[in-house]
Amino acid sequence: MPKLSRRSFMKFTAASVAASALAQKRAYAKTDDNNKAFPLMTAGAATSYGICHFCSVGCGIEVKVKGNELISTEGFIDHPINQGALCPKGRSLKEMHNSELRLTHPLVRKPGGNKWEPISWDEAIDKIAKKVKDVRDKSFTKTVDVNGNTVTVNRTEGIFSLGSAEIDNEEVYLYTKFNRALGVHHYTHQAEV
Amino acid sequence: MASLAPSFGSGAMTNSFTDMKNANVILIGGNNTAECHPLAMRWVLEAQKRGAKLIVVDPRFNRTAKVADIYAPVRPGTDIGYLGAIVKYIFDNKFYDEEYIKAHTNALYKVNPTFAFNDGLFSGYNPQGGPYKKDSWTYQLGLDGLPLKADALTDPDCVLMKLKEQFKDYTFEKAYEITGMPVDKVKLVAETFVKNRPGTILYALGMTQKSVGVQGIRMYAIIQLLLGNMGMAGGGINANRGEPNVQGSTDMAALAHILPGYMPMPSDALPTLNDYVKAVGTAKAKKTIALLKAWYGDKATPENEFGYHHIPKRSAKESAAKYVPIFEKLNQKAFEMGFIFAQNPAVSTPNLDMVWRGLSNLDLLVVAEIFETETASFWQHPDVNPKDIQTEVILLPAAMAFEKAGTMTNSARWVQGKPAAVPAPGEAIPDGDMIYEIMNRVKELYANSSDPKDKAILDLTWHYEAPGHEGIDMEMVLKEMNGYDLATGKLLDTGSQIAKAEPGTVSSGLGGLYTGVITEEGNHSLRHDNSDPSSLGIHPKWTFAWPNNTRVLWNRGSVDKNGQPRDKDRALVWWNGTSWVGNDILDVAAKDKGPDTPEGSKVFSTGEGKGALFRAVYKQPQKDAPELTLNPGYDPNIFKVAPVITEPGIADGPMPAHYEPIESPVQNPMFKQQSNPMMRPLELQEIQKSGDAKDFPYVLTTYMVTEQFLSGGVTRNTPQLNELMPSNFAEISTTLAKKLGVKSGDPVTISTARGKVTIDAMVTERIQTLKVDGKDIEVIGVPWGWGYKGLVHGESINKVTNSAADPNTGTPEYKACSCNLTKGGN
């Protein structure tokens, strides 16, 4: 893969997110013509679909979007489990997207430092990848002796990984694959505790 | 799930939320459903409306108890005491389902005559330490390697009689003595649960966060097998899992001991693929080879053992659980670098000093999050000077659920897809995109390497770009997880195709676990047809459930010996004379084999094909295995000689026994052996301290509230939830409050051997003083999800909880530790 500049990296990730957002929105969009006389804040909004991101019951959520703004999250009426209902956490989900406290840019805290400083995606990824190679090469165990037999183990000792029950299946699948390919064997997450 | 898998063959919530309405009785023990799974409670209440009895067992009269028909208090960490009394009650009155246990459990199997249990210790115990020697935890075998069966359930050698013997002393009175649950309550719980069938059991972390977590849930498995409740609509064991995708992340094996799809992780005790196949059995090994084909494509060949050595081998001597060990090793300076994706261990880990001290030993910590958490900002911990911490921290901004397309798996194994609805703010991107990009960059750095160790990275399949645009497409990842027939290039339809295929001719990143989720027909995780023709809450066309879209696991157990539903109102599957049909997809048994054949009568997928009342160590032998000399490394003939399924047993015993929590206010009323004899020794003596009842007379337990979720990383940043639950509290009984002169709202100091925290008291009737072993026992309850970041703050109770853990799962004993409580702030 050609090395990407920060600019092109951002461009393609943003494009991939936006493209899937648009494609899916089209699939789900309905014209909401209710309440023409007394328009609600949801009038004219596109409807999309989400799954609650708190406990593991997996409630369906009707997500209302105007432009890039998430304006409401309500229970999805056709979902067999929640049948349109939600708990207070599920109802609050739009705040998770809209919050001004969200992290929006990569940050770095330097050794001994007392604050977060901005770092570009490109520099952050570069730093991480180089450190992975450095620590992996330094702390790699190719073989161990087990009862007089030499056993190939291919373990990276100096890196641990935690996470995550909070990300999508595809993402955690890639995370496992990534960690195992690196040789990481100190690997676990929330499910163990 | 380390207790359900050895009992039944695989471990997950067996039924579904919408199935709970079919129950005639529901026991909730170790789960506060109304508080922590509010929309699951909808289906508990629906069952109650239809006449079901609801039993809640909990140290606190919680929000779920408020609507229960029966509430019974229990001392934290002692559930096996009253569950043992239920088992004894079933035996004393012969209330077990005789036909079911004879046909579908190992009740009749003869146990090795050298097996024994004395004063809290099983045979094979080594007083010098180390694991049990398990060679007596076996069956008497015939010449064919199959277990010998007793003629009658009264045979003293048979499993059923061993089980009866194991629980003969758990009277109702003894249960009271152990648990503090009044005798009449124990009796009422036992009668109500046993006499109303089908019954289901709900549990969550209230059961697992104990030093005997696995054995407690084994009690549920034993009771449900004895009553014939497994495989029934309205029956089963419903583990209500805690996080939005914790079922999925467990399936994806973000764990040290397994690979995605529940195949064992290779270890250094298994130097070659031949060794691995022999140890794990051919059924699982075929799945592992399918995974290696997904990860290494054409580079995975029989000659290189399908890339077996590209995957690290864990140390067979070290704990297979890694959570607490990682923090121990961090303090021992074992790591230079760490990744933490979407997890907040600086609030959620027991004995929190381990965390911030440990993380301070890293060169580089990489955290991916949507909000700034205590973990990302561990260097801002109130007890430290940031200048003293030389760790560089990179904090990557992540997209949240609605900002990315992908699937999540709910507790009931439903793999539910969702689109990206809105763009992520600023430069935030999905975690998957970060991982994809980091690996691409690592691959570039290694591009010119010819070192064999780097093949694991260079040969790794990592192309997920959809035609038409750059960047990663998650549906491509889902397809890899589902798997392909490598000859035709078509997506696989069911996991059983992997069992039938020659190893190396099919691929699946999950060894077939999710196969069927996305096929040539389309992406089933996006199906939104909520029809329910049977009215049993099956909803067969709503998204997809693993395995094979089966909604009720072990559902072959719902029929009689003729293949007809045992309960016509709850018919899941049945034999129509030529094949199995029904409202649900048949689980485990062969679709075209009659109910009287071995393949058509199989209910469970254990090594024996039976539900394990006694979890023996066992290997299902290959039929007619030839005498062969195998080529070293990998020889395809290994699949003709290796065992089919292997059962390695459970670390702390083939049957449960009552042990006290590691920190306990009383002597074990059952045995001289005080607590779980298989506890892993802790590494950090100056941090992981243990206290006794003399200094710490009360029992501390922790939990969650509806409005503040887990570590609070999201909810403490959500104003509308903070308005509902703005601060933390410590629940104490009115008796203790009176004794100490504490009123609601007064600050109190809770101390353990690990330290002190100050929290405001909430004096409540919800917690009652328990009578145990003639002593008054006070329980203190504290929600755990508080810290120093976010919009609302509070001291983390995990500063003082205990990191001693279950020896099977590594899950720490958050639910029961010894504490003191004094009036006033720290």
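Predicted model: local features only at pLDDT ≥ 70, side-chain atom pairs only at ≥ 80, totals over all residues.
1. **The interface in outline.** Start with the contact between the two chains, to which chain B brings 173 residues and chain A brings 131. About 13600 Å² gets buried between chain B and chain A, and carbon and sulfur atoms supply 65% of that area. On the chain B side, the residues losing the most area to chain A are B:Phe402, B:Glu427 and B:Arg441, yet together they make up 6% of what that side buries.

2. For one of them, look at B:Asp268 and A:Arg155, where the closest N and O atoms sit 3.5 Å apart.

3. **Who does the touching on chain B.** Helix α17 of chain B, residues 431-446, gives the most to the side that touches chain A, with 14 residues. Sorted by class, that side of chain B has 100 nonpolar, 43 polar and 30 charged residues.

4. To get your bearings, find A:Ile159, which stands opposite B:Met337 in β10(B).

5. A:Val146 stands opposite A:Asn149 in β7(A). The hairpin of β6(A) and β7(A) has 2 residues between the strands, and A:Asn147 takes a positive phi near 50° there.

6. Chain B has an open sheet of 3 strands in the order β13-β14-β19, with antiparallel pairing. Its edge strands are β13 (406-409) and β19 (544-545), each of which pairs on one side only. Between β13(B) and strand β14 (residues 414-418) there are 4 bridges, and B:Gly406 stands opposite B:Lys418 in β14(B). Helix α5 of chain A (residues 169-182) lies across β13 and β14 of chain B, at about 90° to β13(B).

7. **A three-stranded sheet in chain A.** Chain A has an open antiparallel sheet of 3 strands too, in the order β1-β2-β3. The edges are β1 (46-51) and β3 (69-75), each with a single partner strand, so one side of each is left without a neighbour in the sheet. Neighbouring strands are turned by 30° against each other on average, direction ignored. Strand β2 (residues 60-66) is joined to β3(A) by 6 bridges, and the bridge partner of A:Lys66 in β3(A) is A:Glu69.

8. Over all chains, a search of the whole structure turns up 54 salt bridges. One to check is B:Asp459 with B:Lys299, at 3.7 Å from N to O. This pair links distant parts of the chain, 160 residues apart: B:Asp459 is in the loop between α18 (455-458) and α19 (474-482), while B:Lys299 is in the loop between α13 (282-296) and α14 (323-331) of chain B.

Key
Residues numbered from 1 in each chain as written. Chains lettered and ligands numbered in written order. Heavy atoms only, no water. Contact = heavy atoms within 4.5 Å. Buried area = accessible area lost by both parts, 1.4 Å probe. Salt bridge = Lys/Arg side-chain N within 4 Å of Asp/Glu carboxyl O. Nonpolar A, V, L, I, M, F, W, Y, C, P; charged D, E, K, R; others polar. Pairing = 2+ DSSP bridges. Axes fitted to C-alpha atoms, helices over the stretch in contact; angles between N-to-C directions.
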